[in-house]
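Visitor: Please take me through how to read a few features of this model. I would like the general idea each time, then the case at hand.

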Amino acid sequence: MVGESGITVIRLSGKDTFSLVSNCLSKSYNEFLPADVDHYTSHTTHHGYLFSGADFIDEVVVTFFKAPNSYTGEDVAEISTHGGSYIYRKVSDLLMKLGAFHAEPGEFSKRAYLNGKMDLAQAEAVADLIKAKTDQANKLALQQLTGKFSGKIKELREDLINYCSLLELELDFSEEGIDLVEKDVLLEKVNKLIAKFQSLTQSYESGKIIKNGVNLAIIGRPNVGKSSIFNYFLDENRAIVSDIPGTTRDYLEEPLIMGGIQFNLVDTAGIRETKDVIEKEGVRRSKVKIEEADIVLEVDDVTNSNIAVETFSETDNSGKTIKVVNKIDLMPGKSNAALAVSAKSGEKMDVLEREIVTKAKELISKNNQSDVIITNERHRDCLLKSCEYLVNAREQIERGGGNELISFEIRAAMDSISEIIGKTANVDILNNIFTKFCIGK
Amino acid sequence: MKQNTKHFDIIVVGAGHAGIEAAWTSSRMGCTVGMVTMDLDAIGRMSCNPAIGGTAKGHLVKEIDALGGVMGRIADDSEIQFRLLNKSKGPAIWSPRCQSDRDLYSKVAKEYILSCPNITLIQDTVDELVRDSKGNISGIKTSLGYKISCKAVIITSGTFLNAIMHMGHQQNEGGRFGEQSAKGLSNYLLNQGFKTARLKTGTPPRLQLDTIDFSVTSEQPGDDNPTPFSVFTNGNFPALPQISCYLTYTNEDTHNILRTGFDDSPMFTGRITGAGPRYCPSIEDKIFRFADKLRHQIFLEPEGINSNVVYMNGFSSSLPEDIQYSALKTIPGLEKVKMMRAGYAVEYDFLPTYQTNLTLETKLIPGLYVAGQINGTSGYEEAAAQGLIAGINAALKIKGEEPFILKRSEAYIGVLIDDLINKIPEEPYRIFTSCAEYRLILRQDNADRRLMKYGHKYGLIPDDIYSNTLAKEDLIKEGINYFKSNFAGPKDMNEYLESVNASPLKQSDQLAQIVKRNEVKLSDFLAIPYFDENALIQKIRQSEIIMDQIEIEMRYEGYIVRQAEQVEAFNKMESVEIPEKFDFNKIKSLSTEGREKLNKVRPRSIGQASRIAGVSPSDASILSIYIKG
């Protein structure tokens, strides 16, 4: 895991961090003269020498963070050693000998969550931030990490609490002479809520693409040069190409960044009727990939004379297809298709790339009516569930159902989104009522 | 006094609504009870409004009744007006409420107490508790100098601990008009290490009935068919003639006069430090906080059949007497009214409930139970519910049996006590239906079906009444089962369906589907000739109550199923136990506030821990990770 680099940073977290460091950090490289770690203030960086017993290991810089003002909320030390796997192993062995142990994947963030440094959604964002490969993905993870996403969820929860208060007002305070809310108003408000929830839920379509990449599938009949296009974009001979139709038996998938957007480029097996059992399975798998694709690149061969009439994606009206004609190097000037390229010579491939990027950008902005974008499937599921309950609530209102039933649905919606950041108590609803309405005989 | 036994199993301190239930239940469970009150004539006194029940409170009364308590019976015997509130809404929130004859209520309450051979009434004031070498309760000392030994004490002292009454600049010691405060016990508890805090409550003026011009107010009659709270009440109900209440409103003149008193208000000037109930604010508070509201409703509630006193519901105040009087005379109907007593506020000590277990036994002194306003609640019904739970648990402890704790998913009483212990009230606590997350199944109409098994188990419900409930339960189940498993066609059904403007059947349909329709009223439906030969339906048809239950269960069915799933999830969390001696300090990652609250309340399950105010969701998840390992 550790390659060669200028430096390596090793992070220690936990209550014994400082005493552990003081057992190996020395002020001198000649002999072990323990550094005065106990007197270091938080958020300061110190130069020193690591010793294993009497052996000098490396010259290091250590940054100290005192609980609770650290990433994990515990005492933290970050040791910058020289790079390279040998030094890393030496230092890591030393720290283990002194009582440290390896962090589980995500353990620092888990501790930060458990110590109340961040909520669940923020902790989830850390993983996304680390994995982000493009500028957009990075921005989305940051949006979630800084609490903008949690803020949005809290806002929705407030909306639900307010709504619930209107319902409870009529249930618990019907004798108070307060003007109760008309059915029309309830209906209008619930519709607004549903719209809000839906637009946030839909933003997942964008969020998913930004975070996980656009699924771009190259499809077409055998031997039209799909794999050549695939290799061209990857800038390597990843897929085997030959003149023999059916060379690609199984699909291939590789990540790729174009125009600042992450793609998952999929090369599929050419689709045709075949008796070959292996190729048959390949065709089936290709079809699944086409289903899953956000953008389909449908390739044909310039040597095929009836391009205009024949098409593979028979019933595609989702607008996710880009049609391209390949191999113009074989018959220069022959094609009058809108997009004709040669993967072999590279001619017009830049045009194709621009076309793909434009389409991807359209996709991302299409489902993005919301100021906050969700990227996490768990969040999407919670919101979807909430939405379902809100729709139930609307049905209840329409059929003249009692407030106690409408409230049941709203509370269920509240519980669902609360799973994203934390829970709501009955007290919140009552407090809201007392602040807003004149209650009491 | 000398002739009194010097030993009782249980001493109940106070004879209000909590004390009555505590003494009643524990004595019925075989304990000898000494009931100590400062005033033998104040047993079951209604210190505030002359009414029992209301939203969610009516549920409590029904539950108390199902468990064998007496509040419902006393209310039925003294009832002078009945209303089922929220009747236009869903059955889960129908709430029975009655006006009571104040004097009769108190008289009947005393009769119930005197009818228990195990209860001895003692007029005195408890100053101190006596504890044995292990710290357990062993007796009490009174103001008159008596020592009485006992195994448990239940304090139901209401607002009498360190009570101060406020009216304008006037301050008097005392928990109720014309009655003293109990200082000794308050000081004793403080010395034992209990923490106390202040709360405030208020009461409105009382008016002279024959000086009110009711012709300019609007009459609020009761329901045509009053129904009793209690399963014990039958035959002669209602026993008394029924009265009306009257509705009138304040106006700008009223508000302007009240405003002139703001400078003298003990609330606004800070002389009252205790927090008052937000759901029952004083009239001055309403005007101050909701300045744009031009009028507030006032209910004029006669205090009895032969009483000349009217309770002025909605006009609670602690402003100076003269200002109250001039202000209320601007209200239509009250122009020439005589005010018999001004409104006032009471400030009193309560024991913040982190010091108490779900059984209502204090953590500090084993054998000491607390119930009612001393726990920070308001309301007769809330007090009675706690009295009942404290009484049952004190008796169970003396008998060496398992404690009795109702879950939030079982009863409003469970919600009430769970909220008290975990939320730690900062204002007097009142129950609402919105406090009950499982309210679709915790209905007032099925309190007996939910809870009578416990009342029977503890000997508080006689066999005959319990077997009636069991038979009823069977019939309800049989009925529902019948409607679900039988079908009927257009020929038999359409005449009826058309008569109620419901769309006719095109083909045969499940009877349950017909019963669930909004237009269908079960009692009418079951009267059609189609059912004439059906023995089961004949049986069901005889009972309005059973038809109601079937109708409610079937209409709510989908929701009842979903609610039951929620209850299951809830019970799962409740069943993850936290060991009794668990050391919360050893979990370093808990938030400071979370750890402090966990140490204070010492929850017994993860579910309970997650409901404690101040314990954040992340604290709860840390705890759960820690406990589950």
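Visitor: How many bridges join E2(A) to strand E3 of chain A?

Guide: Strands of a sheet pair through backbone hydrogen bonds, either parallel or antiparallel. Here E2(A) and E3(A) (residues 44-52) are joined by two bridges and run antiparallel; strands are DSSP runs (E, at least two residues) and helices likewise (H or I, at least four), numbered from the N terminus, and pairing requires at least two DSSP bridges. Across from Ser26(A) is Tyr49(A) of E3(A). This is a predicted model, in which local features need pLDDT of at least 70 and side-chain atom pairs pLDDT 80 or more, while totals for chains, interfaces and linings use all residues. Residues are numbered from 1 along each chain as its sequence is written, with chains lettered from A and ligands numbered from 1 in the order written.

Visitor: In what order do the five strands of the open sheet in chain A lie?

Guide: The order is E1-E5-E4-E3-E2, with antiparallel pairing. E1(A) (7-13) and E2(A) (25-26) are the edge strands, each pairing on one side only.

Visitor: At what angle do the axes of H2(B) and H11(B) cross?

Guide: Two packed helices are described by the angle between their axes and the distance between the axes. For H2(B) (residues 57-66) and H11(B) (residues 447-457), the axes come within 7 Å and cross at roughly 40 degrees; axes are lines fitted to C-alpha atoms over the stretch in contact, with angles from 0 to 180 degrees between N-to-C directions. Residues in contact (C-beta atoms, placed from the backbone, within 7 Å) include Lys62(B) and Glu63(B) in H2(B), and Leu451(B) and Met452(B) in H11(B).

Technical notes:
Contact = placed C-beta atoms within 7 Å.
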